[in-house]
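Please consult the sequence and structure shown here alongside the text.

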Amino acid sequence: MRPKLLATTALLALGPSIAAPAAWADGDDPGLGPEDPASPGAERIADTYWVITGFMGLVFLAVFVPLVVFVVKYRRRGRDRYADGLQVYGSTRLELTWTLVPVGIVAILIGFVVLALPSLNDFAKGYGGKTEEVTVIGKRFYWSYEYGNGVLTIDRLRLPLGRNVRLDVTGGENDVIHSFWVPALGGKFDSIPGETNTFYFVPTERGTFKGVCGEFCGLEHTEMTITVEVLEASEYDRWVREEAGRQRDGTSQLGRETFEGACAKCHGLAGEGDVGPRIAGNALIGDRDALVRLLEEGRGKMPAVGAGWEDRQYDALFDYLEKELGQGGDADGS
Ligand code: HEC
Ligand SMILES: [Cu+2]
């Protein structure tokens, strides 16, 4: 019993320190640490993580190294099982040490957090200069992004490198709380119906950053993914201008994005059915009024995915549905 207990304790204590380097060797993602930060706020958060982890490592060693030494040094060595040990009454120096050292460690950690993290508050006021504003709406089970010039995208957010970004994160009417969370860019910002949380940051790396809804929100929660593409500012400006034109004249991918983001997660990419019924070829696809009512009100396990949509988004979706899933179209999405 005793050796088994000891082995289990040792495994529990050492497991993570064995697993961490193994995960490290696997690829460049250590698995246990934060993602490589791609904004100043995310950098502060990562710094805090590593400082606290460093102290945790020191405390771990300060406890376990003496523990192992004492287990070996003071083992029984054939002494009588009931022999009394050395009687010790107090040690002012030792007691002061084990009181003051932890207090000092906690003071350092608090100091670090108080000094390093207020910059997150500064970010809450923005950095000055030109700001790109995007309204982010979290709904079951997709993210809707509306840019300053009216462009809409679903699940995929594009942003300019090196410019102030202000995300106004809010929830859909009658929806539940979701949480906008892209670890490489910053902390979590809840999307709450009727309230707006503002998230300021500056993307400092080009590339694609992944996130996911950070709030367990229901049936297709895990499908509520976030993709942020950071483009060169000039490339972004061109895209957002041209996309506005495409969305005006109906040649954009808005219909496809809306279907893939707001419908396909339950009905399948070809409308073949998944957690929701098959809808390819369904008569409702040709009956716009009835379908709008269904999308605005929801039914049973289907949320009101279209509540609050503007006509242009319905137009784009109907174009897509009629082409791809209508009674005339084929159901394999080609
Ligand atoms: C969270 C999952 C979910 C999402 C997202 C979703 N649906 Fe549904 N849908 C369902 C379920 C479940 C039903 C069955 C509802 C019932 O009758 O109880 C349904 C029913 C339907 C029906 C009626 C089928 C019939 O024969 O009665 C249509 C049409 C439909 N959905 C279209 C859509 C469209 C278009 C979208 C996207 C704009 C969408 N749905 C998004 C789950 C979903
Ligand atoms: Cu969610």
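## Basis of the model

The model is predicted; local features need pLDDT of at least 70 and side-chain atom pairs count only at pLDDT 80 or more, whereas totals for chains, interfaces and linings use all residues. Residues are numbered from 1 along each chain as its sequence is written, chains are lettered from A and ligands numbered from 1 in the order in which they are written, and side-chain values use heavy atoms, with hydrogens and water left out.

## The copper site

Four residues coordinate the copper ion (ligand 2): His-178 through ND1, Cys-213 and Cys-217 through SG, and Met-224 through SD, at 2.1 to 2.5 Å. Donors are N, O and S atoms within 2.8 Å of the metal (3.2 Å for Na, K and Ca), and sites may look incomplete because water is not among the atoms. Along the chain, the donors of the copper ion follow the spacing H-x34-C-x3-C-x6-M. Helices (H or I, at least four residues) and strands (E, at least two) are DSSP runs, numbered from the N terminus.

The arrangement is tetrahedral because the 4 donor atoms around the copper ion subtend angles of 90 to 124 degrees. Four donors count as tetrahedral if all angles lie between 85 and 135 degrees; four count as square planar and six as octahedral if opposite donors are over 155 degrees apart and all others between 65 and 115, and anything else is irregular. Both His-178 and Cys-213 are buried. Buried means under 20% relative accessible area, exposed over 50% and partly exposed in between, with a 1.4 Å probe and protein chains only.

## The iron site

The iron atom of ligand 1 has His-267 (NE2) and Met-302 (SD) as its protein donors, 2.0 to 2.1 Å away. Its 6 donor atoms subtend angles of 86 to 179 degrees, so the arrangement is octahedral.

Met-302, at 22%, is partly exposed.

## The largest pocket

The largest pocket holds about 520 Å³ of space. On a 1 Å grid over the protein atoms alone, a cavity is a set of points where a 1.4 Å probe fits but cannot get out, and a pocket is an open set with protein on both sides within 12 Å along at least five of seven lines; lining residues have an atom within 4 Å of a point. Grid points are joined across faces, edges and corners, and a volume is the space filled by probe spheres set on the points.

Of the 27 residues that line the largest pocket, His-267, Pro-277, Ile-279, Leu-294 and Met-302 lie nearest its centre. Helices H6 (254-262), H7 (264-267), H8 (288-297) and H9 (311-324) are the elements that give two or more residues to the lining. The lining comprises 19 nonpolar, 4 polar and 4 charged residues. Domain 2 (131-249) and domain 3 (254-324) both contribute to the lining, so the largest pocket lies between them; domain bounds come from an automatic or database domain assignment.

## Backbone features

The peptide bond from Arg-140 to Phe-141 is cis, with omega near -5 degrees. Phe-141 lies in the loop between strand S1 (131-139) and strand S2 (142-147).

Two residues other than glycine have positive phi: Asp-155, near 65 degrees, and Asn-174, about 55 degrees. Asp-155 is in the loop between strand S3 (152-154) and strand S4 (156-160) and is buried at 12% relative accessible area. Asn-174, in the loop between S5 and S6, is exposed at 71%.

Pro-37, in the loop between helix H1 (2-26) and helix H2 (40-73), is 146 residues from Pro-183 in sequence and 7.6 Å from it in space, C-alpha to C-alpha. Pro-37 is partly exposed, with a relative accessible area of 25%.

Gly-171, in strand S5 (residues 164-171), is 25 residues from Thr-196 in sequence, with 8.0 Å between their C-alpha atoms.

Terms used
Nonpolar A, V, L, I, M, F, W, Y, C, P; charged D, E, K, R; others polar.
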